[in-house]
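This short report is meant to be read with the sequence and the 3D view open. It takes up a sheet and then a ligand site.

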Amino acid sequence: MASHIILPPDGDDDEQQRREDEENDGGGSGSGGDGEQQQQGGGNAKAALPFSAMCVRISRDSYPNLRALRNASHASLTDAAYVKISEGDFGYVLDDVPHLADYIPDVPTYPNPLQDHPAYSTVKQYFVNEDDTVPQKVVVQKNSRRGVHFRRAGPRQRVNFESDEVKACIVSCGGLCPGLNTVIRELVCGLAHMYNVNNIFGIQNGYKGFYSSNYVAITPKTVNDIHKRGGTVLGTSRGGHDTKKIVDNIQDRGINQVYIIGGDGTQKGAYEIYKEIRKRGLKVAVAGVPKTIDNDIAIIDKSFGFDSAVEEAQRAINSAHVEACSAENGIGLVKLMGRYSGFIAMYATLASRDVDCCLIPESPFYMDGEGGLLQYVERRLKENKHMVIVVAEGAGQDIIAKSIPASDQLDASGNKLLLDIGLWLTHKIKDHFKSKKMEMTIKYIDPTYMIRAIPSNAADNVYCTLLAHSAIHGAMAGYSFTVGMVNGRHAYIPFYRVTSTRNKVKITDRMWARLLSSTNQPSFLSQKDIDEAREADRLANKPPLPSVANHNVARAFDQSAATSSNGEI
Ligand SMILES: Nc1ncnc2c1ncn2[C@@H]1O[C@H](COP(=O)(O)OP(=O)(O)O)[C@@H](O)[C@H]1O
Ligand SMILES: O=P(O)(O)OC[C@H]1O[C@](O)(COP(=O)(O)O)[C@@H](O)[C@@H]1O
Ligand SMILES: [Mg+2]
């Protein structure tokens with residue numbers, strides 16, 4: 001994807017500096033405590049200013065670099081005037097999200113109705129400082145540069161929508177995940193109770209519902225107890241993303257806030273919708289709430305529902321353990337979700353302590369010969385008389401493909417359909433012991449849909465609530481983004497950052513080492529595998545930056561790319 005850096009047009013240097021000076025005089029920056037209330041310089045006051053003023057403050061020192069960046073990226077203006085990167089002091093880089101004022105020059109601003117809200121108005125420092133940002137990397141050294149930052153989520157002093165002007169819609173797409181209903185509930189209740197918005201519609205059955213079903217009016221009353229149920233009351237689906245038809249419907253129905261709950265595919269779709277909305281110059285904010293049971297969305301710490309799913313997976317692992325322990329040479333094999341990322345399997349294994357071997361897509365393994373899986377299973381049974389194996393659904397696809405011709409079938413969203421690794425392993429292990437004439441029994445448990453069809457647990461419910469609220473605050477303030485927790489703080493992340501890479505378990509990091517040491521399984525890795533994994537980690541974390549000669553910005557991204565994967569401790 002080509003990218004463009006939004007910068008002040010040529011000749012605006014003096015104007016930029018004048019605004020910087022004004023902001024500094026007004027005390028609009030430099031406070032930054034949690035929940036800091038900022039009386040001056042709210043972002044939406046800026047929204048009424050010309051396009052150039054929407055850029056964050058840029059120090060004089062770094063400005064020449066930004067000019068170079070602009071010139072370098074002019075060649076690729078077509079696909080996005082959507083990437084907004086700006087620099088500050090000491091290697092600070094803001095990877096900002098787009099705002100309505102980027103393409104609607106005179107978009108009006110209004111005082112945030114929360115300031116008159118009986119619950120919130122008493123909260124000291126409720127509004128976030130417009131300059132607050134969240135660092136992508138929190139582990140630093142004495143001489144580190146400040147690195148890449150994202151705009152902090154939260155309520156702004158001024159908003160870009162009046163309450164009775166808002167017509168919001170909510171859609172959920174992709175596979176199920178615990179907490180979907182909680183997010184829907186809190187979006188509806190948050191809009192109604194915090195911002196007095198009463199025009200809220202549900203889109204049924206995913207993206208295709210924008211153009212193939214009626215929109216359903218939803219109110220706090222109709223969603224009151226949905227958080228106690230699994231699934232999504234709106235329905236969901238794969239496929240059916242027709243950008244033009246979707247935006248035609250948004251436009252025709254006068255929708256101006258679109259809340260999109262879904263995984264990596266869904267966020268790609270949200271980005272396409274945003275780009276089309278912007279091309280048409282519509283006053284519509286697009287807020288993505290990342291949903292992924294696989295925890296495969298980049299940048300964010302953890303997806304909602306993940307903890308609930310890991311907790312539920314314990315029940316399957318416990319059953320596998322009971323079955324294994326109760327038989328002579330018993331093996332319990334549990335398959336868990338994880339198409340490309342083995343987080344559920346890894347965390348469920350670490351939590352359980354009963355698992356002897358965990359197989360994930362990121363870590364190659366082999367069956368036969370010295371150091372292979374079958375040899376390990378044999379040894380473990382001889383030592384312990386029972387064994388529990390957890391396998392992520394995406395693991396070992398390359399080895400199955402060698403014995404079963406891969407079908408290359410895709411689901412409606414274009415995701416590759418996987419071969420059943422659990423069933424395949426069951427047969428392989430059985431055959432192996434049969435050939436060795438060794439008595440054993442294997443019980444294969446596939447709780448795939450059971451771990452994602454449950455309601456979210458208490459911690460996930462709170463997380464879902466905060467995500468929904470952050471999404472609402474951002475949309476009301478005119479931003480378009482994917483919301484997420486980054487190093488424990490809520491942030492607005494550009495769509496391009498969450499869709500350009502996938503979060504994966506880093507087998508070269510400490511968490512995977514902890515797992516190996518807890519299960520005592522062999523790593524199955526050759527030096528070549530390790531080298532390839534290191535290189536893949538390096539490349540996967542590199543965002544598709546504009547091919548620019550801006551050394552400072554490139555260094556900041558490189559430095560953040562060296563950050564550990566999400567949830568890494
Ligand atoms: N590259 C893409 N561009 C636009 N829409 C997409 C893209 N990939 C997936 N989608 C749409 O997003 C929705 C959900 O995608 P899917 O991959 O099934 O689930 P998830 O969002 O959970 O990853 C589907 O409606 C699909 O058509
Ligand atoms: O049978 P379905 O509905 O396609 O779901 C299976 C897939 O859903 C997932 O749980 C999550 O996928 P998404 O996050 O892309 O929806 C995968 O782990 C799994 O392969
Ligand atoms: Mg997905």
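## The four-stranded sheet

In what order do the 4 strands of the open sheet stand, and is their pairing parallel or antiparallel? In this predicted model, the order is E13-E14-E12-E15, and the pairing is parallel. The edges are formed by strand E13, residues 357-359, and strand E15, residues 441-445; each has a single partner strand, so one side of each is left without a neighbour in the sheet. On average, and with direction ignored, neighbouring strands of this sheet are turned by 15° against each other.

As a general point, the strands of a sheet pair through backbone hydrogen bonds, in either a parallel or an antiparallel manner. Here strand E13 is joined by 3 bridges to strand E14, which covers residues 386-392, and the two run parallel. Within this pair, Cys 358 stands opposite Val 390 in E14.

## The site of ligand 2

The residues that surround ligand 2 include Gly 174, Gly 175, Lys 291, Asp 294, Arg 339, Tyr 449 and Arg 452, and the space that the ligand takes is the second largest pocket.

## Polar contacts and burial

Which residues place a polar side-chain atom at 2.5 Å or 2.9 Å from an oxygen atom of ligand 2? The 2.5 Å distance belongs to Glu 393, whereas the 2.9 Å distance belongs to Arg 238. Gly 175 contributes through its backbone instead, with a polar atom 2.7 Å from an oxygen atom of the ligand. Taken alone, ligand 2 exposes 470 Å², of which the protein buries 84%.

Terms used
Residues are numbered from 1 along each chain as its sequence is written. Chains are lettered from A and ligands numbered from 1 in the order in which they are written. This is a predicted model: local features need pLDDT of at least 70, side-chain atom pairs count only at pLDDT 80 or more; totals for chains, interfaces and linings use all residues. Side-chain values use heavy atoms; hydrogens and water are left out. Two strands pair if DSSP finds at least two bridges between them. Axes are lines fitted to C-alpha atoms, for helices over the stretch in contact, and angles run from 0 to 180 degrees between N-to-C directions. A residue is near a molecule or strand if one of its heavy atoms lies within 4 Å of it. A polar contact is a pair of N or O atoms within 3.5 Å; within protein, one must be able to donate a hydrogen and the other to accept it, and residues adjacent in sequence count only if both atoms are side-chain atoms. Accessible areas come from the Shrake-Rupley method with a 1.4 Å probe; for residues, only the protein chains shown count as cover. On a 1 Å grid over the protein atoms alone, a cavity is a set of points where a 1.4 Å probe fits but cannot get out, and a pocket is an open set with protein on both sides within 12 Å along at least five of seven lines; lining residues have an atom within 4 Å of a point. A molecule sits in a cavity or pocket if more than half of its atoms lie within 2 Å of its grid points.
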